[in-house]
Amino acid sequence: MSVRTRFAPSPTGYLHVGGARTALFNHLFARHHGGAFVLRVEDTDQARNTAEARAAIFEGMKWLGLDWDEGEGKGGDHGPYDQSARSELYDKWFEVLRGKDRVYEDDGAWRFRFERKPVTMTDLVCGEVTIDYTNLDNTPDMVVRRSDGSYVFHFVNVVDDLEMRISHVIRGEDHLMNTPKHLQLFEAFGVEPPQYAHIPLILNADGSKMSKRDEGAAVGDYPRQGFLPAAVVNFLALLGWNPKTEEEVFSMEQLIERFSLDHVNRAPARFDAEKCAWLNQQHLLQLPPADFADAARPFVDAAGLPVHERYPAAAAAVQEKVRLLSEVPAALDFLLADEITIDEQVLAKVRKNDAAGPLLAALAEALEGLADWSADSAREAIGATAKANGAKPGQLMFPTRVALSGKGGGPDLGDILAILGQDTAVQRLRAFAILLAS
């Protein structure tokens with residue numbers, strides 16, 4: 001049987017990282033086996049469904065690169081893919097249960113008659129799980145159709161998986177206890193059930209259950225914070241899946257190649273915001289400089305910085321210094337703006353060096369006199385100026401960095417000098433020397 005997986009979100013809120021991780025695992029499993037990934041929408045809760053939430057789910061999945069084969073915008077042979085449009089199918093399968101005397105009316109609602117026996121399921125992650133249905137008090141017959149004629153989750157979920165020929169149901173562990181109910185329905189319908197794999201829950205760093213309000217919960221926040229889709233996918237994959245190697249940085253293609261349910265952990269996963277930011281940095285470092293500059297451009301524009309001929313080199317100079325694209329504007333602002341702001345704490349540190357002002361003034365003269373401007377020639381001028389004034393190069397390099405950038409850290413000093421150019425570098429050195437003398 002060909003592999004067919006599905007993700008079935010409810011459009012009542014944004015795409016949560018837990019849902020995104022479930023979608024990712026289904027996507028990876030289907031792609032690994034050359035199967036199909038189906039997106040269907042559980043939109044029967046008309047009171048809570050919103051068009052905004054629906055759009056947010058689709059946009060989040062597209063941003064993550066979780067392309068689906070059937071469903072919204074793709075069509076397919078097993079539609080419609082919205083539960084609200086599948087009433088006739090539910091009615092048809094309800095009549096199958098009626099014909100087999102597996103449902104009965106109870107105060108206007110209809111209950112499914114469980115077979116009173118132990119039900120054992122073999123979960124691909126959790127192993128063997130048995131629920132004993134012999135005791136009616138502990139496991140009462142479940143409602144499958146409400147008194148208003150609408151069907152409950154358990155019923156429509158099974159019918160949808162049956163009709164869409166889903167081969168593997170990969171979902172959160174919070175659904176584990178629902179599965180024996182679903183297996184009884186499949187058995188009553190006379191069809192083979194899919195295989196089930198219940199993946200571990202995602203907890204906060206402190207071990208508490210992750211809610212929609214917790215840090216990192218909303219997928220829609222990640223683009224605004226400057227994360228790359230590839231990094232978030234990488235991070236989500238490691239929330240419950242173990243590659244069984246020391247490697248941690250993976251592309252989507254590598255994840256597809258290596259993904260296996262055998263390597264999904266049984267224990268709950270802990271959300272680690274620092275780990276997510278670190279992974280983003282690793283993916284940023286893998287970008288060609290031009291691609292990094294393009295990715296950072298929206299954040300630079302939003303910060304109101306001028307983007308001119310120095311921008312590509314400025315972006316390349318800070319690529320190794322940032323973890324998030326949102327950090328880029330603050331990292332390179334001094335390379336683009338005409339005016340810079342001197343950090344007060346750094347200024348106080350420079351002021352402790354009484355020789356800094358005269359040294360910077362002398363360096364400005366030396367740099368102005370260079371016939372050929374380059375990072376190497378500028379560095380040589382720093383060393384020569386320090387030596388001529390009885391100082392070590394290191395005593396001049398820090399004040400020079402502060403004069404040029406206003407900061408105590410940042411890109412390589414040679415890169416800063418090369419990017420700013422001779423005229424700007426000389427002007428800033430002189431201005432800072434005057435500041436120190438005041």
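This is a predicted model: local features need pLDDT of at least 70, side-chain atom pairs count only at pLDDT 80 or more; totals for chains, interfaces and linings use all residues.
A charge sits over a ring if NZ of Lys or CZ of Arg is within 6 Å of the ring centre and within 35 degrees of the ring normal. The charged end of Lys349 lies over the ring of Phe398, 4.9 Å from the ring centre. Lys74 has its charged end over the ring of Trp68, and there the distance to the centre is 5.3 Å.

Next, rings against rings. Searching the whole structure gives 14 aromatic pairs. One of them is Tyr90 with Tyr151, an edge-to-face pair with 6.0 Å between centres and 65° between planes. Tyr90 belongs to helix α3, residues 87–99, while Tyr151 is in the loop between β8 and α4, so this pair ties together parts that are 61 residues apart in sequence. Tyr151 also pairs with Phe155, this time stacked, at 4.9 Å centre to centre and 20° between the planes. Tyr151 and Phe155 are both buried. Tyr90 is buried as well, with a relative accessible area of 3%.

Last, Asp123, in strand β6, residues 118–123. Which side chain of opposite charge is nearest to Asp123? That is Arg266, 6.8 Å away. A salt bridge needs the charged atoms within 4 Å, and Asp123, although buried, has none. What the side chain of Asp123 does reach is the backbone nitrogen of Val125, at 2.8 Å. Setting aside neighbours within four places in sequence, Asp123 is in contact with Leu176, Tyr196, Ala197 and His198.

Methods: Residues are numbered from 1 along each chain as its sequence is written. Side-chain values use heavy atoms; hydrogens and water are left out. Helices (H or I, at least four residues) and strands (E, at least two) are DSSP runs, numbered from the N terminus. Buried means under 20% relative accessible area, exposed over 50%, partly exposed in between (1.4 Å probe, protein chains only). Lys and Arg count as positive and Asp and Glu as negative; His and the chain ends are not counted. A polar contact is a pair of N or O atoms within 3.5 Å; within protein, one must be able to donate a hydrogen and the other to accept it, and residues adjacent in sequence count only if both atoms are side-chain atoms. Contact means heavy atoms within 4.5 Å. Rings of Phe, Tyr and Trp (its six-membered ring) pair if their centres lie within 6.5 Å; planes under 30 degrees apart count as stacked, over 60 as edge-to-face and the rest as tilted.
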